Amino acid sequence: MNKGKQPAFPCHRSDHTPSGMTFRQHLVSLLAPVMLKSFFAHDAWSDYDDAARSLMDFVDAIIEAEQKDI
């Protein structure tokens, strides 16, 4: 997947992003703690694989929406 290779939005220089992360990595780092809290508090997902797939689907959807705006 080359979708996540662009630098973090809106700064196009990787030396200004948190730890030089791509936008995809940055979104995962922001969403994962929230999803894990929901995973343990509710029955939203059946297992870790299901939660991980949902996380990556969320991130990909956000990236696609951001690319449409640019």
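What does the accessible surface of the protein chain come to, and what share belongs to carbon and sulfur atoms? I looked this up and found about 5100 Å², with 58% of that area belonging to carbon and sulfur atoms. Accessible areas come from the Shrake-Rupley method with a 1.4 Å probe, and for residues only the protein chains shown count as cover.

**Ground rules**

I am reading a predicted model, in which local features need pLDDT of at least 70 and side-chain atom pairs count only at pLDDT 80 or more, while totals for chains, interfaces and linings use all residues. I count residues from 1 along each chain as its sequence is written, and side-chain values use heavy atoms, with hydrogens and water left out.

**Overall layout**

I looked up the secondary structure and noted two helices and zero strands in the protein chain. Helices (H or I, at least four residues) and strands (E, at least two) are DSSP runs, numbered from the N terminus. Next I checked burial: of the 70 residues in the protein chain, 24% are buried. Buried means under 20% relative accessible area, exposed over 50%, and partly exposed in between (1.4 Å probe, protein chains only). I also looked at contacts (heavy atoms within 4.5 Å). Among contacts in the protein chain with a separation of 6 or more, 46% are between residues 24 or more positions apart.

**Core**

Which residues make up the largest nonpolar core? I listed nine: Phe23, Leu27, Met35, Phe39, Trp45, Ala51, Leu55, Val59 and Ile63. The elements that give two or more residues to this core are α1 (23-41) and α2 (48-69). A nonpolar core is a set of buried Ala, Val, Leu, Ile, Met, Phe, Trp, Tyr and Cys residues joined through side-chain atoms within 4.5 Å. In soluble globular proteins, nonpolar side chains tend to be buried together.

I then picked out leucine 27, which lies in helix α1. Leucine 27 is buried, at a relative accessible area of 9%. Apart from neighbours within four places in sequence, leucine 27 is in contact with Val59, Ile62 and Ile63. I also noted 9.5 Å between the C-alpha atoms of leucine 27 and leucine 55, which are 28 residues apart along the chain.

**Salt bridge**

I found one salt bridge in the structure. The term stands for a side-chain nitrogen of Lys or Arg within 4 Å of a carboxyl oxygen of Asp or Glu. The side chains in this salt bridge belong to aspartate 60 and arginine 24 (3.0 Å, N to O). Aspartate 60 lies in helix α2 and arginine 24 in helix α1, so the pair ties together parts that are 36 residues apart in sequence. I noted both aspartate 60 and arginine 24 as buried.

**Rings**

I looked up aromatic pairs and found three. The pair of phenylalanine 39 and phenylalanine 40 is edge-to-face, because the ring centres are 5.3 Å apart and the planes stand at 80°. The rings of phenylalanine 40 and tyrosine 48 are also edge-to-face, with centres 6.4 Å apart and planes at 75°. Rings of Phe, Tyr and Trp (its six-membered ring) pair if their centres lie within 6.5 Å; planes under 30 degrees apart count as stacked, over 60 as edge-to-face and the rest as tilted. Ring pairs link Phe39, Phe40 and Tyr48 into a cluster.

Is phenylalanine 39 buried or exposed? Phenylalanine 39 is buried, at 15% relative accessible area. Phenylalanine 40 is exposed at 59%, and tyrosine 48 is exposed at 53%.
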